[in-house]
Amino acid sequence: MKDWICFFISAFFAVIGMSAFLFAAVGVFRFDHVLYRMHASALADTVGVACLTIAAVVYIGADFVSLKELAVLLLMTLSSPVSTHLLAEIEYTMGNCKKESRRAEDLGGDEK
Amino acid sequence: MKIRDNIKKWLAYDYDLDSAPVMPDPVEPDVEAPDISFWRSLRRRGAHRALYYVAAVICSIILASTLILTVSGMPRYGEDAEFMDTVTYEYLAHGMEYTGAVNIVSGIILEYRAFDTLGESFVLFCAVTCVLVLLRIDDGKDDVSLPCHDLTGDVILSRTMRALIPFIFIFGIYVLLNGHLSPGGGFSGGAVLGAGIILLSSAYGEQTSGKFVTERTFRIVTTSALLFYCIGKSYTFYTGANGLHSFIGNGTPGNILSAGLILPLNVAVGLVVACTMYGIYRMFKERRF
Amino acid sequence: MTPELTEAIKISLLVLLIVAAVAASVMKKLVPALIVFTSFSLIMALVWILLESPDLAITEAAVGAGVSGVLFYMALRRMGQMKKSFIEKDGADGSEKGENDENDRPDENGEDGEHDEDQR
């Protein structure tokens, strides 16, 4: 009985994680602008990795491998938002997203 | 003259790949001018490009078929014992008692085939020396850097990397020191250490990483590591070839201080690799250490 | 993990490897080709793990996916391949050139500019 509960919990989390990866992949392909694509890929980095790691930990049980999985989750949480932040900062300061963000406001205004 | 101008433009971030000089359009030869030979008229008509494409496809097909035929003649992955020749059998059967290393791969590349690993370290050293020769600014002038957003003092980056960089360095040193006991060794540990130093210099600026990796440090570390490799391994070669007793024993397999000279040689190779990675990065970024 | 599942994963990873190698060679823009090259190194590291050689997996992950991509990016920057993304800001923002993000496809800027001019 306990095995069935563990299996269903890990299957539930695995399905959520994989669907997050699917949505992130479709989003990265279909969006036009850089910041939209980054927003879509951040979904994969946070929700996808967290749910898949929890599914693996629940399935394996109390073993030394589970500690390594949690360490992987910690390092991913620590490093991937930093890189996304740096890319977004460069794009916002130096790129043409100011054109993109003001395009809806000033149709026919001066180009900036 | 043109080549030198192009190189100067490349070093000053002025070189535009799209406006590079292209070959002129092929000129059709006049019928009344027979003073060009047949082969030169072919080149003017652009026949050498078609020849290049045909030769490229033929060479790719020959190379791919040769490699596939060679691999298909090798034993299947996972089979053993009937295809092994004597050298492989010797390595696997007596490797651990001869070298003292639990990791047979480290034992092979640093004990049986130590000469080849020395050559690889020399190749790395040669690469970073060539980059230094080509790109270094000597006479006090500043490099024309691309104006870009300076991410050095970024708050999020520095605060987060403060927690992460010590673990990267510890992991690199662990992989380096455990070359003879677990997967790893000189090249892997050196690559991780080099990546860690690159991250440190990106996050905290050149002043912080210039405190412990300067040009003098780089020179001393690489040359002394290679010299130590040469001298140490020559001693072992000499005593092994003449049957003398060397004072570097093998120890018990499984200890950290075992396997003869494999641990110090791993450290030497790892230091060379780390300095190479960081040196090439600095040369490309700022053209000075 | 049944042996068939391992074989299927191995074969699909190798097919992805070939696709990435061909794509990195025939792409016209160099910056996306660099990104595909980095993904090639990542897939190669996974293949090394499946072939049970962890030494090569660690080295490939550290060198190919980490340091090699950074050095290629530095070389491309020196060659002016980032120049296509340069925009010139006018006096209100300060007259300096800026460098665009490497994630952006370099032909996006041209399309955005055309949109603006059409709407004016």
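Modeller: Here is a run through the labels, each with its cut-off.

Modeller: This is a predicted model, where local features need pLDDT of at least 70 and side-chain atom pairs count only at pLDDT 80 or more, while totals for chains, interfaces and linings use all residues. Residues are numbered from 1 along each chain as its sequence is written, chains are lettered from A and ligands numbered from 1 in the order in which they are written, and side-chain values use heavy atoms, with hydrogens and water left out.

Colleague: Fine. What makes up chain B, in helices and strands?

Modeller: Chain B has 11 helices and 0 strands. Both are DSSP runs, numbered from the N terminus: helices are H or I with at least four residues, strands are E with at least two.

Colleague: Why is B:S188 called buried?

Modeller: Buried means under 20% relative accessible area, exposed means over 50%, and partly exposed is in between (1.4 Å probe, protein chains only). B:S188 comes in at 2%, so it is buried. That serine lies in helix α8 of chain B.

Colleague: Which residues is B:S188 in contact with, leaving aside its neighbours within four places in sequence?

Modeller: B:V175, C:D55, C:I58 and C:T59. Contact means heavy atoms within 4.5 Å.

Colleague: And what makes a set of residues a nonpolar core?

Modeller: Its members are buried Ala, Val, Leu, Ile, Met, Phe, Trp, Tyr and Cys residues, joined through side-chain atoms within 4.5 Å. The largest one has 48 residues, and B:M161, B:Y229 and B:Y278 touch the most other members. α11(B) gives the most to this core, with 12 residues. Apart from it lies another core, of 5 residues, including C:L13 and C:M44.

Colleague: What does B:Y278 contact, beyond its neighbours within four places in sequence?

Modeller: B:I197, B:I198, B:S201, B:S209, B:V213 and B:F289.

Colleague: Why is the pair C:F37 and C:F72 called edge-to-face?

Modeller: Rings of Phe, Tyr and Trp (its six-membered ring) pair if their centres lie within 6.5 Å; planes under 30 degrees apart count as stacked, over 60 as edge-to-face and the rest as tilted. Here the centres are 5.2 Å apart and the planes at 75 degrees, so the pair is edge-to-face. It links distant parts of the chain, with C:F37 in helix α2 and C:F72 in helix α3 of chain C, 35 residues apart. A search of the whole structure finds 10 aromatic pairs over all chains.

Colleague: Last one: what makes the nonpolar surface patch a patch?

Modeller: Patches are made of residues with over 30% relative accessible area and no salt bridge; like charges are joined within 9 Å, nonpolar side chains (Val, Leu, Ile, Met, Phe, Trp, Tyr) within 5 Å. A salt bridge would be a side-chain nitrogen of Lys or Arg within 4 Å of a carboxyl oxygen of Asp or Glu. This patch, of about 660 Å², is made by A:W4, A:F7, A:F8, A:Y59, A:I60 and A:V65. Its largest share, 3 residues, comes from α1(A). The area comes from the Shrake-Rupley method with a 1.4 Å probe; for residues, only the protein chains shown count as cover.

Colleague: How do you know that A:F7 is partly exposed?

Modeller: Its relative accessibility is 39%, so A:F7 counts as partly exposed. Ring pairs also link A:W4, A:F7 and A:F8 into a cluster.
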